[in-house]
Amino acid sequence: MSRPSAAHRPRSGEYGVLRRAVQLAVALFYLALPLANAKGLEAVAGTLASLKLGPVDLTEPAAGLSAALAAGRVTLALVLGVAPVVLLALVLGPVFCSWVCPWGFLSEGIDAVRQRLRPRPWPARSWLAVRRLRWGTLGGLLLLGLLLGAPLAALVSAPRLASTLALEAFFLKAVSPVTGGLLLSLLALETFGPRRIWCRALCPVGALANALRTPRTLRVGYTAESCLHPRVPLCHAGCRWGLDPRAIDRWDACTNCLACVDSCPSGALRPVFTPRRAPAAASGATDPGPAG
């Protein structure tokens, strides 16, 4: 078994520290934004569903698609607003979920507390069990929104709700029943429901971002010959969603948080843009490419 040199091994927690810094910066940004708006800042305003940055109005793709279906038309402004976010997903994958979304940050914290109080391992190949639920939920929300003429995928978006909370609390001096009710429902689901079920299977934001993957979208590459723990993989234990990065494919909702890369002591896992030319499997198959 070949072992990579120390130069090729990841530094412990390298990506995790950076990811936490980005998540915290985003959360602080949306907490401070209402105060900045009240002080006269008008160039930046909005939520994680629709954010105005100077002359550009960025729109989260699931919210934009839901709004277009509900309205029955697509505007140039919507296309231009969605395009940069779509490009980000095409290149880096669903990093919005693991690096940006404040609800994902909160969800990870709740799950960590639950695991301390009552440790429960992920079921074997748990990612397979939620595939149909993920696509069915996204399709159902979009279809129902089309029939009702309401952007449901945007309304139930956890990142939109989380970033709306501070705006409503600051300007309305209260939280609307819709925002408060949905957030409390999501909190109850996170606390008492299946582990991280909203982010893993029910969130339309993450589902659509995952659907935007291409063969050259950023992913975790695996070199089986470099793996030092094939039977008890530390990378699998380190995944926040219970994924085994050696065995999943591009549709299994990996968000490229790179926690598995941080957990790998051998350098067998690395972020790569090369297409997967052979299935990576825990049995020892190698995923070719610059993954080790």
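**Nonpolar cores and overall architecture of the predicted chain**

Of the 39 residues in the largest nonpolar core, those that touch the most other members are Tyr30, Trp103, Leu186, Trp198, Trp241 and Leu243, a nonpolar core being a set of buried Ala, Val, Leu, Ile, Met, Phe, Trp, Tyr and Cys residues joined through side-chain atoms within 4.5 Å. Buried here denotes under 20% relative accessible area, exposed over 50%, and partly exposed the range in between, with a 1.4 Å probe and protein chains only. At least two residues of this core are supplied by each of α1 (14-38), α7 (131-148), α8 (152-155), α9 (158-171), α10 (177-192), α11 (197-202) and α12 (204-211), and α11, with five residues, gives the most. Apart from this core lies another, of 13 residues, including Cys227, Cys235, Cys260 and Val261.

The structure is a predicted model, in which local features need pLDDT of at least 70 and side-chain atom pairs count only at pLDDT 80 or more, whereas totals for chains, interfaces and linings use all residues. Residues are numbered from 1 along each chain as its sequence is written, and side-chain values use heavy atoms, with hydrogens and water left out.

Leu243 touches Trp127, His236, Ile248, Asp252, Ala253 and Cys254, when residues up to four places away in sequence are not counted; contact means heavy atoms within 4.5 Å. In the protein chain, 74% of the contacts with a separation of 6 or more are accounted for by residues 24 or more positions apart.

The protein chain has 14 helices and five strands, which are DSSP runs numbered from the N terminus (helices H or I, at least four residues; strands E, at least two). The C-alpha trace spans about 60 × 40 × 35 Å along its principal axes. The radius of gyration of the protein chain, 20 Å, agrees with the value near 19 Å that a compact globule of 292 residues would have, where the radius is taken over C-alpha atoms and the globule rule is 2.2 Å times the number of residues to the power 0.38. Of the 292 residues, 47% count as buried.

Arg196 is placed in the loop between α10 and α11 and counts as buried because its relative accessibility is 4%. Asn256 is found in the loop between α13 (234-238) and α14 (259-263), and with a relative accessible area of 2% Asn256 is likewise buried.
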